[in-house]
Amino acid sequence: QRRRLPAPRWLSEDEVVRMNDVIADRRYRLIFQVIVATGLRVSEVLAMRVADIDPEADLLRVPCGKGGNGRLVFLPKELRERLRSYYRVFQPRGLYFTRGLHQKDVPICAATLNEALNRARKIAGIENKVTAHCLRHTFAIHSLRRGIDIVTLKEALGHRKIDSTIRYLTPDLRRDMAQQLDLLTKLGVKP
C-alpha cells in the first residue's frame, strides 16, 4: 500500500518575487526561475543540457525523468530569453548549470542548491524551509490556480498516475471546481 504523502508546501506569489530578488548567484536564480516556471524535478534541472532546449519551439526536452521517462515541457518565452542570456555569458557546453568555470562537466549538487535556496529564504523573510521540491509544488499550485487542467499538469510534471497530481487540488481549488461544475445553475435549469 502506498504511503500517504504530506500536503505539499508552496510559495505564495509574493514569496516567489521576494526570493527571486535576493538570490545573488545568477546560476541559482535562474535554476529557481526554471523550476518555478516549468515544474522540473531538481534532478531534471541539474541534468539539463544545452541541447535540451528546442531551437525552433518553446519547448524543453526532459530526457531523464523519473522512471526513465522523457517528456517535453513548455518553456515560456521570457525564461527562454533568460536562458539565452545566461548562455551568452557563461557559454555552457554540455550541462547548463555547473559548479563553476573550472568544473564545466560537474553538475551542481542538489544539497548545495537547497542550501542556497534556504539562505535566500531567510534573507527574504520566509519562515518555512524552501527546497527545490517546494518550488515544483509552487509551479503546480499556481498553474492550477491560473486554469491549467489537471491532465496537462500531470504531463508537465511527468507524473505516471493522476493520483500524484490530484494532491495539488487544494480545498480552494476544489470549491472553485464544484462551482464550475454546477451545470444546472449555470444553464438555468428550473426545478
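Gln 91 counts as partly exposed, at 42% relative accessibility (buried means under 20% relative accessible area, exposed over 50%, and partly exposed in between, with a 1.4 Å probe and protein chains only). This is a predicted model, in which local features need pLDDT of at least 70 and side-chain atom pairs count only at pLDDT 80 or more, while totals for chains, interfaces and linings use all residues. Residues are numbered from 1 along each chain as its sequence is written, and side-chain values use heavy atoms, with hydrogens and water left out.

**Gln 91 and its backbone**
- You will find Gln 91 in the loop between helix 4 and strand 3 (98–100); helices (H or I, at least four residues) and strands (E, at least two) are DSSP runs, numbered from the N terminus.
- Phi of Gln 91 is near 45°, a positive value in a residue other than glycine.
- Most residues other than glycine have a negative phi.

**Two buried residues**
- Glu 44, in helix 3 (residues 42–46), is buried, with a relative accessible area of 3%.
- The side chains of Glu 44 and Arg 71 are joined by a polar contact of 2.9 Å (a pair of N or O atoms within 3.5 Å; within protein, one must be able to donate a hydrogen and the other to accept it, and residues adjacent in sequence count only if both atoms are side-chain atoms).
- Thr 138 sits in helix 6 and is buried, at 1% relative accessibility.
- A polar atom of the Thr 138 side chain lies 2.9 Å from the backbone nitrogen of Leu 11.
- Leaving aside residues up to four places away in sequence, Thr 138 touches Trp 10, Leu 11 and Val 16, where contact means heavy atoms within 4.5 Å.

**The largest pocket**
- A pocket here is an open set of points on a 1 Å grid over the protein atoms alone, where a 1.4 Å probe fits, with protein on both sides within 12 Å along at least five of seven lines; lining residues have an atom within 4 Å of a point.
- The lining of the largest pocket has 21 residues, and Val 36, Ala 37, Thr 38, Pro 76 and Phe 139 lie nearest its centre.
- Helix 2 gives the most to this lining, with five residues.

**The whole chain**
- The protein chain has 10 helices and four strands.
- Of its 191 residues, 40% count as buried.
- Among contacts between residues at least 6 apart in sequence, 55% join residues at least 24 apart.
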